Amino acid sequence: MLGIRPLNCLSVLRDQFSRISLREPNLTRGKRHLNYPKLRNPFWFVRKDRVKHDDLVSPENSQFVQEVLHDKYGVPSLLKGVTTYPNASSGLIRAEELPQAEWKPSLRRTGVIARKIGQYPLWLKNGKKIRTTLLQIVDNHVIKYIPPEEFNPTQKPKVKDVRQWGCMLVGAESTDPTILTKEYCGLFKDSGVMPKARLARFLVSPEAQLLPGTPLNVSHFRVGDYVDVRGKTVSRGFQGVMKRWGFKGMPASHGQTKTHRRPGNIGGGGEKGRVWPGKKLPGHMGNRWRVMRGLKIWRINTKYNVMWVQGSSICGETNNFVYVFDTLLPLRRYTEAPAFPTHFESPEEELPEDIWHEDVHNFADPTILYEPE
């Protein structure tokens, strides 16, 4: 009898596994399965980087490939240190090439991609100190405009009517096409600019459309405007309730044993013996998209495309990319017409290098003024 029991156990297990394999796929997950938030890619996502290996290309052939690319696209901005614009032979793209549209408060312009490069304090003329974050708009160009009838977002935006909005695809920071895949470089075929290392989509009004290859710089905004900044928070990994939610923790004495940083009683037995969704418990902290709304621009530098934005809690680490666009707060929207659909530079126009808000104290200004008697 002892020799038969293992055989009987194996036969029972075999029957159970056969029943499990014949189950329907949609019944394998229980009803209590939680769908955790994922960082999904947009529908136009393609693989960006090639396989990192040596293609056995000689130095002479590699140099020849670089010369052909530079003749076709121009030198990338990362290589020569300045911003390159398309259509160098014909100059910058003119506003006359776009259909004329008058600005209205209900219209929405495109945004830009900026790099968070640090923090810096400013002082107002009344002596108050404010903390600001420096955002640099790095080599932004319009890649493509998708009209409302062709725009089909994978995730429904939080707007009333998606059918009335178009989509503007903006790229930032030119890079070498030889390190990118053929499919990814195909996105920039009709734009006339170098392939970009970063892409972003912005909902825009059809009246605010721009031609592919249009450059976007810090002149897109003005000093005193309010913007919304969208970025990804710093990933802190798996953290407990004290760091993640700011819990006080248990006392260090009075008989406490190994519960100093524990959450304590979560009250799961009062209602149906379960834990309600959204309960503050240990888990992954950070690495989520967040939007800071209604941030004021205090200073602009047109030489390096840098703007000083209110606050020091903009999401992301230093040198991370963020998306900057006009604020959606109703009380901080534009009351006067901005540069619509964007600011078009002219050869005769000379912008000052630094533009300060009227309330900000400029330390370069003289402190003592002598007036003639």
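Reader: Why does Phe363 count as exposed?

Author: In this predicted model, Phe363 has a relative accessibility of 59%, and since exposed means over 50%, Phe363 counts as exposed.

Reader: And why is Trp123 called partly exposed?

Author: The relative accessibility of Trp123 is 32%, and because the partly exposed class lies between the buried limit of under 20% and the exposed limit of over 50%, Trp123 counts as partly exposed.

Reader: What makes the rings of Trp123 and Phe363 an edge-to-face pair?

Author: Their centres are 5.9 Å apart, which is within the 6.5 Å that a pair requires, and their planes stand at 90 degrees, which is over the 60 degrees set for edge-to-face, so the pair is edge-to-face. This pair links distant parts of the chain, with Trp123 in strand 1 and Phe363 in the segment after strand 13, 240 residues apart.

Reader: How do you know that Phe202 and Tyr323 form an edge-to-face pair?

Author: The distance from centre to centre is 6.2 Å, within the limit of 6.5 Å, and the angle between the planes is 85 degrees, over the 60 degrees that edge-to-face needs. Phe202 belongs to strand 5 and Tyr323 to strand 12, 121 residues apart.

Reader: Why are Phe202 and Tyr323 called buried?

Author: Buried means under 20% relative accessible area, and because Phe202 has 6% and Tyr323 has 12%, each counts as buried.

Conventions. Residues are numbered from 1 along each chain as its sequence is written. This is a predicted model: local features need pLDDT of at least 70, side-chain atom pairs count only at pLDDT 80 or more; totals for chains, interfaces and linings use all residues. Side-chain values use heavy atoms; hydrogens and water are left out. Rings of Phe, Tyr and Trp (its six-membered ring) pair if their centres lie within 6.5 Å; planes under 30 degrees apart count as stacked, over 60 as edge-to-face and the rest as tilted. Helices (H or I, at least four residues) and strands (E, at least two) are DSSP runs, numbered from the N terminus. Buried means under 20% relative accessible area, exposed over 50%, partly exposed in between (1.4 Å probe, protein chains only).
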